[in-house]
Amino acid sequence: MTGTGDPFAFDLITMGRIGVDLYPLTTGVPLAEAETFGKFLGGSPANVAVAAARLGRRVAVITRTGADPFGGYLRSELRGFGVDDRWATEVPGLPTPITFCEIFPPDRFPLYFYRLPKAPDLEIAPDEVDLEAVRAARVFWMTGTGLSEEPSRAATLAALEARARTGTTVFDLDWRPMLWREKPGPYYERALAWATVAVGNAEECEIATGESDPYAAARALLAAGVELAVVKRGPEGVLAVHRDGTVAEVPPVAVQVVNGLGAGDAFGGALCHGLLAGWPVERVMRYANAAGAIVASRLACSTAMPFSHEVEEVLGRAGGV
């Protein structure tokens, strides 16, 4: 249960991108030569929701799909993973997005987004968002891509303002340059003023703050308004800095990487789980790192999200807490 006193409140509501991931079933093969593909639920907010649901949290996602078979597939997948799909609605006339990737372990995973003429998840309008539910959620998760176009931008900002920094509000910096047609700076600045947690890799932090050094970026994110800045550093682990002065620098969990694309989403779902549990910052980061490592060692994203016993097993082997 959520513990909020509201039986209808969710532990986590995510908002934004969803689509179908089509991944070659053979690694090290370019798309032009791939012959077989696996079909998976995709999109960072959807995957973060799945990751948190796998860890036992009550989760919903606010998004939109095309009115097509792929849209039906995605809603079915959400339900199958235990994610409430009541706010995953159809947009007639726009196709459900598809994303292809190439898999070249350990560190090259090019993405090819097919989101034209416009992705349905960018058609979320302010008057379609259940602001009462967003306010009641213990954690709300939104992304940079949700700020890239209207009306999604206005809807995302309206959700942030409705929360008014109550509970935990996570801004996944989620910088996808191919999805933007204008400079993101002003919109990132507005979102950071309403967020309590910011999460991003070095490039995303630089887009949001202008700072490339992890510690400088973390300080800049705190100055922009958040309480906790989380800088993902890939093979160097993760840095988390809290406004209260707490600093946690956690090394990565060593795994044989198969596909690194879903690791950040697993990290995000586990981050939310740890914050909901009220754990110390370092424990949250170690747990999230372990969840991300598990998914990096698997081919898929959504279906690869770990259960709690799997994360605890990895932590035990790594000597984590």
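**Reading a predicted model, feature by feature**

User: Let's start with helix α10 (residues 308–318): which residues are buried there?

Analyst: "Buried" means under 20% relative accessible area, "exposed" over 50%, and "partly exposed" in between (1.4 Å probe, protein chains only). In α10, the buried ones are Glu-310, Val-311, Val-314 and Leu-315. They sit on the same side of α10, because they cover an arc of only 135° around the axis; that arc is taken from the directions from the helix axis to the C-beta atoms. On the other side, His-309, Gly-316 and Arg-317 are exposed. Keep in mind that this is a predicted model, where local features need pLDDT of at least 70, side-chain atom pairs count only at pLDDT 80 or more, and totals for chains, interfaces and linings use all residues. Residues are numbered from 1 along each chain as its sequence is written, and side-chain values use heavy atoms, with hydrogens and water left out.

User: And how are helices and strands picked out?

Analyst: They're DSSP runs numbered from the N terminus: helices are H or I with at least four residues, strands are E with at least two. Take strand β9 (residues 139–143), which holds Thr-143. At 1% relative accessibility, Thr-143 is buried.

User: Which peptide bonds are cis?

Analyst: As background, most peptide bonds are trans, and most residues other than glycine have a negative phi. Here, Leu-116 and Pro-117 are joined by a cis bond with omega about 5°. You'll find Pro-117 in the loop between β8 (111–114) and α3 (131–136). Another cis bond runs from Glu-150 to Pro-151, with omega near 0°. Pro-151 belongs to the loop between β9 and α4 (152–163).

User: What about phi: where is Arg-165, and what is its value?

Analyst: Arg-165 has a positive phi, near 65°, and lies in the loop between α4 and β10 (168–172). Its relative accessible area is 28%, so Arg-165 is partly exposed. Asp-174 also has a positive phi, near 40°. That residue is in the loop between β10 and α5 (185–194), but Asp-174 is buried, at 3%.

User: Which residues form the negative surface patch?

Analyst: Patch residues have over 30% relative accessible area and no salt bridge, and like charges are joined within 9 Å. A salt bridge is a side-chain nitrogen of Lys or Arg within 4 Å of a carboxyl oxygen of Asp or Glu. In this model, Glu-203, Glu-206, Glu-211 and Asp-213 make up the negative patch. Glu-211 lies in the loop between α6 (202–209) and α7 (214–224) and is partly exposed, at 34%.

Terms used: Patch = residues over 30% accessible without salt bridge, like charges linked within 9 Å, V, L, I, M, F, W, Y side chains within 5 Å. Areas by Shrake-Rupley, 256 points an atom, 1.4 Å probe, with all protein chains shown as cover. Lys, Arg positive; Asp, Glu negative; His and termini not counted. Charge placed at Lys NZ, Arg CZ, Asp CG, Glu CD.
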